[in-house]
Every structure is written in structure tokens, then in C-alpha cells.
Amino acid sequence: MVNNVTSYSGNGLRDWLLQRVSAYVLGFYLVFLLCVYFLNPSIDYALWHSLFANIWVKLFTVLALLSLLVHTWIGIWTVITDYVKVTGIRLLKEAIVMLALLTYLVWALVILWSM
Amino acid sequence: MSEAMKTVKFKIYRYDPEKDEKPYMQDFDLQVPANKDMMLLSAIIDIKDGQDDSLAIRRSCREGVCGSDGVNINGRNGLACITPLSALKQPIVIRPLPGLPVIKDLVVDMTQFFRQYEKIKPYLMNDESLPAKERLQSPADRKKLDGLYECILCACCSSSCPSFWWNPDKFIGPAGLLQAYRFVADSRDTFTQQRLGDLTDPFSVFRCRGIMNCVDVCPKGLNPTKAIGELRSLMLREQT
Ligand code: SF4
Ligand code: SF4
Ligand code: FES
């Protein structure tokens, strides 16, 4: 039987709200990146480096990364609990997704702080 | 002088779990008066009377009030008794409501559907002291129940909702949620907070993905998606 223990917050309203808020954060971050891209004639390492050296950009990026994690987890969890009915396989898939998401997060943080 | 007749073609889902290994579609031709229209239910009953009395369908009121004869007609859920033959493309393909276990032919087991309905406590709850006569309601408050109380629990909506197909044991479904909102919106009910609190888990309400199949098929023209949206915003207001 599908249960709520693996859902992000265990509360449907909170999950629903978080998914919407994180969508906005991701949207704003995307707009920000597009602005950087279109307002600069050439994107080179120096520009990229100075951009991400800014603490606010760093924080914004971390926020976007966390939003990505939350947003993806809630969404994928919903799809998995809709379609995968065998508990063992469902847990396995959920574990793989969670592991992948956490890896991306840590990886991105490492990159961010090495810049 | 005999009346002019025409032939209408049907393909009807048949399944008797005691006899048939697998469900199959059976063809029927029915002679109907050429210059009169008739409802699909009457045609099915004519087939049952004249060609095969083992064909099973539930029906009662034959006027869109009891909610017994919800079936899938040419791919769309509806009530056979208020669907005119003239509105349908031939062959008219009739199947049981999707997503519910078939008992026989067009008759489905509605247990899960009613279990979800039961969960929302479909009755007025009020812990204030009883008035001498009756609980009054202003016309304005009564108006809030329009578009909600008319539901006849035919299950056309819930059985067309993918979220209900995948989690019929945990997602209340459009019919149940429309009624949940009907009691939340009722000025005479004092259990609004508890009612909303009971629905905050990730499944009961939040499995609704706003596909709106429910709105599309409701034979009474009701809008469960809107009721679900109202429930969600009330929860948001209560809990934040
Ligand atoms: S909301 Fe409409 S489709 Fe759903 S059970 Fe009620 S009357 Fe039937
Ligand atoms: S709007 Fe919600 S309840 Fe209605 S069919 Fe879609 S998912 Fe189901
Ligand atoms: S027979 Fe009652 S609704 Fe169709």
C-alpha cells in the first residue's frame, strides 16, 4: 500500500505549496541566467567567475538548487506513487531518484564554492 | 400500417465472470422508429427484452435523477437514460464505467466510490445546541450550495479521473470532493476546520491534477474541479 512517509513533507498542502513556491524560484533563476546570457556579448570564464564570486549570486544559486531538489522530488514522488504499485520497486525507484538529486545538489555546491 | 423503422448498430461490452474467461464486445442491431428519437437506456432495454435478456445494466428512474445507469458511451461517461440516440455516432460503443471492477456486463462494483464518499462525512455536523424548530439559513447562504447539492452520485466523474484510477483507495475523487465542499460551504455545519484538516494528506485532495475530465462528463453540469480549488484555498487560508 502506498503511504505518505516518503512524501516530501507528509502533508499534501505543504507539498503543494512548496512545489509552487519552488517553481517561482526556478523561474526567476532562469530569467536571471537568461539576462546574464543576453546582456553580455561574450560569455567567458572571467565573467562567469566574477558573477559567481558575488555572494548574492551564490545564495540565489543555492536557493535555486534547493528548489530544484524539492520541486523534482515532490513531482517525481507523485508520478511514482501513481504508477508503481509494487512496494519494493517503488522504494527502489524513489531511492534512486533521491540519491541522484542529492548527488546533483552536493556536486553543484562543490562547484559553486570552488569558483 | 406499420411505422417506418431504421437500424441502429451497437457494440456492447459483455462479461460474466462466472462464464467468460475474458470480456468481449458483442454486436447488436436494433430496429427503432425512423422519425422518433429515443434515449439510449430505452434502446438497451429493448435489446435486453428482444434479443438477449442476460445483458446486465443498472437503472431505476430513467430520467437522470437516481444516478444508476452511468456507462461509458462512445468513450465518454454519461447517463444512458438522458443520452439521446440521435446524438451518438454509430456503432454506439457501450462499456462499463472505467476504473471500477466489473460485476457483470455494464454493472460495476461501486464500493470504492462510496467508501470515498463515506470518508468525507456526507452529513451535516453541528455541535451547537439544537434550536426549537430547525436550523435556519439565509437565502444568500443557501445559494452557496447551488452547483453542489445537485450531485446524484452517478460516478461518471470519478470513474473518468486518472487520479482516481491510480489511487481509488486514497484519492477521494471528484464526486466525494464536491460533497466535501458542499458541507464545508454549508453555513449550518460547524465542523469546517475538522473537515479541512481531514483532507490535508498528500492523497485525499492533492492528487487532483486539474485534468478536468470530471467537469467534462458530469451529466448534471457540475464543476468538481472548482470545488476542489475552493477546498484548497480554504485549507491554505486555515493553515498559513
Ligand atoms: S459530480 Fe456529476 S458526474 Fe460526479 S457523481 Fe455527481 S452528478 Fe455524477
Ligand atoms: S480535475 Fe481533478 S478530480 Fe477532476 S478529473 Fe481532473 S484530476 Fe480528477
Ligand atoms: S436511470 Fe436513473 S439516472 Fe439514469
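Domain 1 of chain B and domain 2 of chain B bury about 1,100 Å² between them, with 60% of that area on carbon and sulfur atoms; buried area is the accessible area (1.4 Å probe) that two parts lose on being put together, summed over both. This is a predicted model, in which local features need pLDDT of at least 70 and side-chain atom pairs count only at pLDDT 80 or more, while totals for chains, interfaces and linings use all residues. Residues are numbered from 1 along each chain as its sequence is written, chains are lettered from A and ligands numbered from 1 in the order in which they are written, and side-chain values use heavy atoms, with hydrogens and water left out.

**The two domains of chain B**

- Chain B is divided into domain 1 (5-108) and domain 2 (111-239), with bounds that come from an automatic or database domain assignment.
- The centres of the two domains of chain B, taken over C-alpha atoms, are separated by 30 Å.
- Domain 1 of chain B brings 14 residues to the contact and domain 2 of chain B brings 13 residues, where contact means heavy atoms within 4.5 Å.
- Arg76(B), Asn77(B) and Leu100(B) supply 38% of the area that domain 1 of chain B buries against domain 2 of chain B, more than any other three residues.
- The interface of these domains holds 1 salt bridge, defined as a side-chain nitrogen of Lys or Arg within 4 Å of a carboxyl oxygen of Asp or Glu.
- A salt bridge joins the side chains of Arg76(B) and Asp216(B), at 3.3 Å from N to O.
- Strand E4 (residues 76-79) of chain B gives the most to the side of domain 1 of chain B that touches domain 2 of chain B, with 4 residues; helices (H or I, at least four residues) and strands (E, at least two) are DSSP runs, numbered from the N terminus.

**The interface of chain A and chain B**

- In this interface, 17 residues of chain A are in contact with 15 residues of chain B.
- The two chains bury about 1,500 Å² between them, 62% of it on carbon and sulfur atoms.
- The side chains of Asp82(A) and Arg207(B) meet in a salt bridge, at 2.9 Å from N to O.
- Helix H1 (12-39) and helix H3 (55-83) of chain A each supply at least two residues of the side that touches chain B, and H3(A) provides the largest share, 5 residues.

- The residues around ligand 1 (one heavy atom within 4 Å of it) include Cys151(B), Cys154(B), Cys156(B), Cys157(B), Cys218(B) and Lys220(B).
- By class, this shell has 11 nonpolar, no polar and 1 charged residues; Ala, Val, Leu, Ile, Met, Phe, Trp, Tyr, Cys and Pro count as nonpolar, Asp, Glu, Lys and Arg as charged, and the others, Gly among them, as polar.

**Backbone features of chain B**

- Gln90(B) and Pro91(B) are joined by a cis peptide bond, with omega about -10°.
- Pro91(B) is found in the loop between E4 and strand E5 (92-95) of chain B.
- Arg62(B), a residue other than glycine, has a positive phi near 50°, and Arg62(B) lies in the loop between helix H1 (40-50) and strand E3 (70-73) of chain B.
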